[in-house]
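Please open the model in your viewer and keep the selection tool at hand. The tour below moves from one selection to the next and says what is to be found at each stop.

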Amino acid sequence: MSAVPAAPQAASAEPPGGGPAPTVRMGLLLVPARARTGWRVIPARVGAMCAVDLQKLRHDRTELYTRAVQPALWLLIFGETFTRLKAIPTGGIPYLDYLAPGIIAQSAMFIAIFYGIMIIWERDSGVLTELLVTPTPRAALVTGKAFAAGVKALLQAVVVVLIATSLGVAMTWNPLRLLGVVAVVLLGSAFFSCLSMAIAGIVLTRDRLMGIGQAITMPLFFGSNALYPLGLMPGWLQAVSKANPLSYQVDALRGLLIGTPSHLPLDFAVLAAATAAGIAAASALLGRLAR
């Protein structure tokens, strides 16, 4: 009679001291780690896109140094001159103190408003096409790039704050207020970078985007309350300023940094809504660049 082979036994190992043998489940070693699913995917992808963009600063910090020149000139020349002239009424606040938050917002906007050029460059080099075929949602890609622009603007804001402090501007160092400043700079920069990326999705070329960027930066800046109070503007310019997100960013920065009367809940609500709308618009138009 042929012997019937015995059924295979579960792999086990008896410990040296006796006792029950632990069961070794080799199958667990062959199962890959569970991938992030659901709501956890979006923050991870946003963080990855943001980190990729910020890696460029490690190799070339020239942008940070050169962009510090313009706000320094605004504070040193324009601010100091108009402080002595006392030509602009600011409610008893030295004009340089009044101007400094506006220059922080201006320098952050100037960094973000040309961010679409980077998107077009990535399209021309083939990087954008590779990003769009990954599982990363377009909204996560745009959001990551938007907040990378915000981090760059924060570095610029630190430079402006240091220059303003050295010139005698009285700014708060309350940690909670400084956290509010971080949030305001991030939201404002995210909106303007999304605006730039949305325009890039419409015009499709760097030259056109550069021309449109240069055409709208000065109206956005001078059509806000960055340089002078809202009450000094003519009626039509007041209406433009109230529709300008930069005005709400400046108002929040003044209230947080130098303690002037502000409308912080309204400012944060407008900036958050504008950023969400900008992300949606840029995400919808991003596909046109890769065609």
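Why does Arg 206 count as partly exposed? Arg 206 counts as partly exposed because its relative accessibility is 38%, where buried means under 20% relative accessible area, exposed means over 50%, and partly exposed lies in between, with a 1.4 Å probe and protein chains only.

Before the next selection, note that this is a predicted model, in which local features need pLDDT of at least 70 and side-chain atom pairs count only at pLDDT 80 or more, while totals for chains, interfaces and linings use all residues. Residues are numbered from 1 along each chain as its sequence is written, and side-chain values use heavy atoms, with hydrogens and water left out.

**The whole chain**

Color the model by secondary structure, and you will find 12 helices and 0 strands, where helices (H or I, at least four residues) and strands (E, at least two) are DSSP runs numbered from the N terminus. Of the 291 residues in the protein, 43% are buried.

Return to Arg 206 and display its side chain together with that of Asp 124: the two form a salt bridge in which the closest N and O atoms are 3.1 Å apart, a salt bridge being a side-chain nitrogen of Lys or Arg within 4 Å of a carboxyl oxygen of Asp or Glu. This pair links distant parts of the chain, since Arg 206 belongs to helix α9 (residues 206–222) and Asp 124 to helix α5, 82 residues apart. Through shared partners, the salt bridges join Arg 123, Asp 124 and Arg 206 into one network. Arg 123 counts as partly exposed because its relative accessibility is 22%, and Asp 124 counts as partly exposed at 44%.

The structure holds 3 salt bridges, and another of them is found by selecting Glu 122 and Lys 145, whose closest N and O atoms are 2.9 Å apart. Glu 122 lies in helix α5 and Lys 145 in helix α7, so this pair ties together parts that are 23 residues apart in sequence. Both Glu 122 and Lys 145 are buried.

Now select the whole of helix α5 (residues 116–125), where the buried residues are Gly 116, Ile 117, Met 118, Ile 119, Ile 120 and Glu 122. Step just past α5 to Gly 126, which takes a positive phi of about 90 degrees.

**Two packed helices**

Two packed helices are described by the angle between their axes and the distance between the axes. Select helix α7 (residues 138–166) and helix α8 (residues 175–203), which pack at an angle of about 130 degrees with their axes 7 Å apart; here axes are lines fitted to C-alpha atoms, for helices over the stretch in contact, and angles run from 0 to 180 degrees between N-to-C directions. That makes α7 oblique to α8, given that angles under 35 degrees count as roughly parallel, over 145 as roughly antiparallel, 65 to 115 as roughly perpendicular and the rest as oblique.

**Two loop residues with positive phi**

Move to the loop between α8 and α9 and select Leu 204. Phi of Leu 204 is near 75 degrees, a positive value in a residue other than glycine, and Leu 204 is partly exposed, with a relative accessible area of 25%.

Lys 86, in the loop between α3 and α4 (95–112), is also a residue other than glycine with a positive phi, in this case near 55 degrees. Lys 86 counts as exposed because its relative accessibility is 71%.

**A surface patch and a buried aspartate**

Switch to a surface view and select Val 69, Leu 73, Leu 76 and Ile 77, which make a nonpolar surface patch of about 360 Å². Leu 76 lies in helix α3 (residues 69–85) and is partly exposed, with a relative accessible area of 44%.

For the last stop, select Asp 267 in helix α12 (residues 264–289). Asp 267 counts as buried because its relative accessibility is 2%.

Conventions. Patch = residues over 30% accessible without salt bridge, like charges linked within 9 Å, V, L, I, M, F, W, Y side chains within 5 Å. Areas by Shrake-Rupley, 256 points an atom, 1.4 Å probe, with all protein chains shown as cover.
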